[in-house]
Every structure is written in C-alpha cells, then in structure tokens.
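Subject: Structure for you to look at

Hello,

Here is the structure I promised. Please open it, then read my notes below.

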Amino acid sequence: MARKAVATNAKTQSNTPQFTKEQELAAYQEMLLIRRFEEKAGQMYGMGLIGGFCHLYIGQEAVVTGVTMASKKGEDAQITGYRDHGHMLVMGLEPRGVMAELTGRAGGLSGGKGGSMHMFSLEHKFYGGNGIVGAQVSLGTGLAFANKYRGDDTVSITYFGDGAANQGQVYESFNMAKLWNLPVVYVIENNKYAMGTSVERSSATTDFSQRGQSFDIPGEQVDGMDVRLVHDAAERAIAHARAGKGPYILEMLTYRYRGHSMSDPAKYRTKDEVTKYRQERDPIEQVKARIIEEKHATEEELKEIETKIRAIVTEAADFATNDPEPDASELWTDITIGA
Amino acid sequence: MPNILMPALSPTMEEGKLSKWLVKEGDSVSPGDVLAEIETDKATMEVESVDSGIVNKLLVSEGTDNVKVNTPIAIVLVEGEKAEDLKVAETVPEPAEAPAANADNAHNGDDAEPARDCGSAKVCARQRSRSSRRRRDGRDDGSAGLE
C-alpha cells in the first residue's frame, strides 16, 4: 500500500527519477531498435513474407527496456506472452535471427519452425514467447521456483497483459509465489485492450497493481510510457524479490499504437486516443527531447544512431528474405529431446 | 528507394481497394504516418510509412478497386534519393519470366535451394506470398483460441 503512494507521487513529476547520459542514450537506442524493427516486420507481413501470427510492440517499448535495464541481463530470467519481439531484442537476441524466425527461415532462432510467438534462448535466459494467454505466468513462477531451489540469487521477470490478468492460473501462481516467497516480479503490461475489449469492459477491478492484495503481494502502478519511471519501479521490485521477500507486481500503464495483431483494424478505440498517446506520451520522443535538452547529444548524433539502427534492421530484413526455408527433414527434429 | 506496396492486411487477402490517400505528392512523411486507407473484404485498415522521406508519386488513384497485393502504390524518396530512380520503380518485372536475375541473386544460397532464383527481393516476396497463401488457405489471424 505504501508503494502505491510512492507511485502516485512520481506521477506528479516532483520526484521523477533521472537518468544519466549513458542511461538516456542506451534507452533511446534500445527503444528505437524495437520501433524500427517492428515497423519493418509490419511491412514484411504486408508483403506476404510473414505468415501466421504477428503482434507488434510499437508504443510499449519503454516497459521492457526500463525493466531489463534494472535487471541482471543474462542472469535474471524473463518470460512473456505473444507480443514478444521487443523482449528478445532488448535481451540481446540477434535481430536477424528474430526476423528470420518471423519469415520462417532456417536461420531463424527456432530454425524457422516457431514463428513470431515461439523463440527462446537459454543463453540469454529468455524463456519465450508463449502463445497461450496467461500460461507464461505459471511458467515464470516455476522459473522463480527453480531460481530459489538452486539458490543462484536470480529473479524471474514474468510479463503478461491486462487480458491475461483475468486468467485463473494467474491467481494460482500468485498464491504459490507468495506461499514460498519466490523471487518473481510480475510485470502487467496494461495497454488498455485485451484484443478488442477495453479494460473497463473486461475487468471487475481495473487497478491491476492491487490484484495481489489477497495474497499479500505488494504492487504499484507505473507510467509505462516513461522509461525512467519504469526503470525506477523495476529496481525496487527486483531488489525486493532478490532479497527473498517474495513476489512483486508492477502494473505498467502503456499503450499499443497498432492493432492487436496485423489484421486488427482497431476500430474499438478512437483515432484521437491513439493520436494523443503518439503525440504526447511517446516513450521514444520523451527520451529524445530530454537528450537534446540536456545536450547529451546533438540532433546530428541522434541521426547517426538512427542510421546505424536502420542498417541493423535492413540487414535483418534482407537476411530474413533471402535465407532458405528449413529443409523438409527438419519436420522430424526438435520434437523430443534427442541424444 | 522505398516503393510503397499494396499490403496484405490479413493472411488471406489477395486484393483490396485503395479507398483514400491521406498524403499527397510532395508531402514529407515519417515512420508511423498514415499514408492511405485500404478496404479489404473484412475491414478498412491503414497503411503506415516505414521510412522518412518525401512522397514523390502516387501510382494508384483513390477509389481504385481490386488492387493486387504487392503492387507498387506510391514512391517515397528518402534523403539522398532522386526522382530519376523512379523509372526503375515503375517497371516492375513479371515474377516467373524475369530472366535477368541480378548477378548477386542468381547464385544466392546453396544449391540445395534451387527454387529461389527469383530476380529480386520484391519478386521473391511476391512468389513467396503466393505460395504461402496457398499453404495457409482458410486460416485467418485473430480467430484462434491461442491468442
């Protein structure tokens, strides 16, 4: 409850945590890479290069970026649902491998057999990429159980959306997580719409940060469009979990600019609402404005960063377009654990 | 030079109506700007710009029905590009008969993959889009319980 008060204060901007120059620039680059990558993925979907499902993260970039900056990258586990490209990029998975997986090519991170929702990297401690709504909450809680069992001082960061927050297994997980004080941080990415259903229409209570109350799990609501606030809250939550005090809930108030998936025209919300977020709250523009204002970099230098990022994305797209599809014999591999 | 292509807005879409242009020739655009509205058999969707540049030419006029997926609908010139590039853009080779495959494309990949000697990335994309559409026949995004 006390945590709630802190979050409210932060919103008044009186106590806004500041970023160093290095942090601002790092956040800018990470978020811009996600944005440009996702725009490219959207374009490639339109060209018929990406089949099946494709859920873009555009608008929500500050969430995964701020949380990951506050975590021990490569040690703390992360797991999420199907809107997962941004998580993979920030965790250091190769952009070309991600893009080639989207196009179903042999050089994709799952050999071209998983697609948008199914990529994993043990090396980076990224556990997917899960297509079943809410399933990652149980899995992420299990990862935290493993962390505690091994005593390796790592935390499991488990992302899910406002839609998944109404799934039954979420509360079974909350119960066990608190019962055993597992080191897990639940990050609820509340982008206001569960597919096409607004939070108000789908949820009996809409303050998701308080959903752990009956399990005695603390939670706070965070402005998920400001990477500094995300980072600050995530540091607190991760420290809590790492110290053995058990789970912690962060509700990130965020927004996706595109439809739920590629074929969603998103008519369930007004154009004004989207425009307002884009123009006034955009996570990347916020950082960019501060970088210029604080003279951390010039417009020219930012342009160089942008050019560099575009080159990475173009290279990924070229690779994903020209790499061959997996050989037919691959149909029989990766089904059971072989020798 | 980024050609804006008629996008497939669902896995089963083969053609659509260009119902409205939201930019005109000479406008500058940034990533995320809405360029046009496309009407499919299911819904009206927006096409966003991926690049920043100047709208050089609108190739398909507003209200045109049955525009095939992957047809160039506009040309956006990014910084440093000139209108001369346009000529190349307007003549899009037919996929199957394109004989003059680029040297660097003709032998791309291994011999194990003989089916991919399409002339350019764009043509490749179109061929692929056709074959993948056949594969996915009947499936539609957003309808599965998975999501």
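A residue counts as buried when its relative accessible area is under 20%, as exposed when over 50%, and as partly exposed in between (1.4 Å probe, protein chains only). Helices (H or I, at least four residues) and strands (E, at least two) are DSSP runs, numbered from the N terminus.

This is a predicted model: local features need pLDDT of at least 70, side-chain atom pairs count only at pLDDT 80 or more, and totals for chains, interfaces and linings use all residues. Residues are numbered from 1 along each chain as its sequence is written, chains are lettered from A and ligands numbered from 1 in the order in which they are written, and side-chain values use heavy atoms, without hydrogens and water.

Helix α5 of chain A

Start with α5(A), residues 95–102. Seven of its eight residues are buried, so the rest of the structure largely encloses this helix. The buried ones are P95(A), G97(A), V98(A), M99(A), A100(A), E101(A) and L102(A). Their cover includes α2 (21–46), α4 (85–90) and α12 (299–322) of chain A. Just after α5(A), G104(A) has a positive phi of about 70°.

R96(A) puts its charged end over the ring of F319(A), 4.0 Å from the ring centre. The cut-offs for a charge over a ring: NZ of Lys or CZ of Arg within 6 Å of the ring centre and within 35 degrees of the ring normal.

Aromatic pairs

Rings of Phe, Tyr and Trp (its six-membered ring) pair if their centres lie within 6.5 Å; planes under 30 degrees apart are stacked, over 60 edge-to-face, the rest tilted. Over all chains, the whole structure holds nine aromatic pairs.

One is Y171(A) with F215(A): stacked, 6.5 Å centre to centre, 25° between the planes. Y171(A) lies in helix α7 (168–179) and F215(A) in the loop between α8 (199–202) and β6 (219–223), so the pair ties together parts 44 residues apart in sequence.

Another stacked pair is Y255(A) with Y277(A), at 3.9 Å and 0°. Y255(A) sits in the loop between β7 (248–253) and α10 (271–281), and Y277(A) in helix α10, 22 residues apart. Both tyrosines are buried.

Chain B

Chain B has three helices and eight strands. From the N terminus, the order is β-β-β-β-β-β-β-β-α-α-α. Of its 147 residues, 40% are buried.

Best wishes

Notes. Contact = heavy atoms within 4.5 Å.
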